Amino acid sequence: MITDLEQESLEAGIQPPDEDAPAKRVTFVDVLRNANIRNLWLGQIVSQIGDYFAFLALTVVVTGFSNTTQGTVLAVSGLLISFSLPRLLFGLLAGVFVDRWDRRRTMLVSDLVRVVLALFMIPAFLAASLPAIFALAFLMSTVGTVFGPAKTALIPRLVAKEQLLSANALSQTSQMLATMIGPALAGFTLATAGAGNEWVALVVDSATFLVSAFTIWLIRMPGSAKASVADLNTQVSEDGAHAARQLDSSSSAIGKVWQELKVGLKALVFNGVIGMVAIVMSITMLGVGAINVLWVVFLKTQFGYEGPELAWRLSLLDIVFSVGMVVASVVVGNLLSGLAPKWLIVISLVGAGAPIAVFGFLPDYWWLLAASTLMGVFVAPINTGVSTLIQIVTPNRMLGRVGGGIGTVAETSSILSMSLAGVVGAAIGIPLVFAIAGGLCIAGGLASLVLPALTLKDMVPDEQTTV
């Protein structure tokens with residue numbers, strides 16, 4: 001006889017495991033039969049297309065605010081830091097609230113607020129005001145700090161355990177497809193609209209947040225997840241609960257938040273797997289942060305590309321990068337769903353480091369396209385491997401805090417790298433910065449060899465704790 005809880009799970013697309021059935025390879029088709037995952041995935045594709053569309057427009061415009069290399073680097077790095085700084089300042093704290101709030105509702109509200117902020121960006125854009133653009137980018141990113149951890153924590157609630165790695169790989173493809181389609185649309189639109197009309201991209205960005213919010217609204221939480229969310233509203237960790245009882249009523253709310261924040265920090269320090277992942281991401285982002293700043297500057301200074309030509313050449317690099325990512329994600333999600341996430345991290349970081357290291361020394365633009373494609377192939381599985389490994393060792397009720405903690409560590413390295421990119425690039429040359437960045441990626445991959453080769457069978461039950 002089927003219980004109400006089992007019926008709700010079946011209607012949501014989650015099939016109960018058959019203990020007697022032999023293990024079978026999970027594919028994207030299996031995952032996409034789940035209506036909730038399908039809605040989430042489609043909404044993210046649309047939303048992220050708008051993000052890339054708008055970001056490329058902003059990047060192209062701010063590069064035109066100065067005719068000097070140093071001024072261009074400062075403008076681009078300022079934009080990137082404005083988007084990245086909130087994840088550093090609020091990432092861990094956002095994780096605390098993600099673990100206390102309804103994850104679906106959190107994502108929905110985040111999207112709706114960003115609809116408004118994207119529209120507010122238009123007058124700042126038309127006025128060519130760098131301070132206003134930076135401030136609004138900071139606010140948009142601040143609101144968005146809760147979205148990523150909420151999505152990472154929501155996915156395990158929507159799929160069966162054996163489908164988790166494939167679901168994470170599928171989730172990554174939304175970003176890759178957006179990286180491929182968004183720049184293509186942006187390059188065409190900016191070239192057609194001409195200089196001064198880039199604000200159109202911000203209208204598109206605002207509309208895509210609305211589409212994302214609608215698809216999230218369509219998600220139906222399975223019965224077991226509803227019960228967990230209800231419990232989450234009153235639950236704190238054992239350490240946090242013990243300390244909270246010692247606080248008086250006037251400070252209990254702040255005390256609970258602080259105690260739960262400490263649980264996330266303790267996970268980074270005392271859990272070997274989580275701590276090692278944080279170290280690996282820190283090493284990697286120390287190199288990747290500089291690349292994010294110097295990528296545009298390299299094309300402009302090394303090859304002399306400007307304005308619309310710079311836009312479409314950037315778009316093409318992003319497109320081939322995304323093609324490589326999509327191919328890799330399809331392979332991982334459909335053929336390697338049973339692989340230990342450790343090996344995805346090791347192989348991907350070492351493989352991505354090689355083309356990054358030689359990127360600045362390549363003789364022409366077509367070689368850059370080939371290197372960018374190869375980077376995409378190896379970059380794609382990194383986030384899939386990291387997300388899955390963290391989901392394996394972390395109870396779901398703590399995923400927001402743990403994800404926020406790792407994100408904070410990674411963003412610290414990234415922002416440090418972006419801040420130093422202009423100075424270091426001017427001192428030793430952009431090609432050498434790329435070489436160092438590639439070496440750091442390879443070092444991160446080799447460091448990942450110490451991670452345990454855990455699989456989905458080793459997933460920690462939600463009632464257990466890792467710290």
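## Ground rules

Residue numbers run from 1 along each chain as its sequence is written, and side-chain values use heavy atoms, with hydrogens and water left out. Since the model is predicted, local features need pLDDT of at least 70 and side-chain atom pairs count only at pLDDT 80 or more, while totals for chains, interfaces and linings use all residues.

## The overall picture

The chain has 18 helices and zero strands (DSSP runs numbered from the N terminus: H or I of at least four residues for helices, E of at least two for strands). Of its 467 residues, 56% are buried (under 20% relative accessible area; exposed is over 50% and partly exposed is in between, with a 1.4 Å probe and protein chains only).

Take contacts (heavy atoms within 4.5 Å) between residues at least 6 apart in sequence: 88% of them join residues at least 24 apart. The accessible surface is about 19300 Å², and carbon and sulfur atoms own 68% of that (Shrake-Rupley method, 1.4 Å probe; for residues, only the protein chains shown count as cover).

Helix α7 covers residues 147-158 and spans 16 Å from first C-alpha to last, close to the 16 Å expected at 1.5 Å a residue (1.5 Å times one less than the number of residues). It's largely enclosed by the rest of the structure, because 10 of its 12 residues are buried. Among them are F147, K151 and R157.

F147 also turns up next to R114: leaving aside residues up to four places away in sequence, R114 touches M140, V143, G144, F147 and F209. R114 sits in helix α5 (residues 103-126) and counts as buried because its relative accessibility is 10%.

The elements giving two or more residues are α17 (399-428) and α18 (430-447), and α17 gives the most, with five. L416 lies in α17; at 46% relative accessibility, it counts as partly exposed.

The mean pLDDT is 75, and 79% of the residues score at least 70 (pLDDT is the predictor's confidence in each residue, from 0 to 100). Helix α15 (residues 341-359) has the highest confidence, at 90, and helix α11 (residues 238-244) the lowest, at a mean of 42. Over residues 224-251 the pLDDT is below 50, and this stretch has 28 contacts in the model beyond near neighbours in sequence. Residues 1-23 also stay under 50, with 26 contacts beyond four places in sequence.
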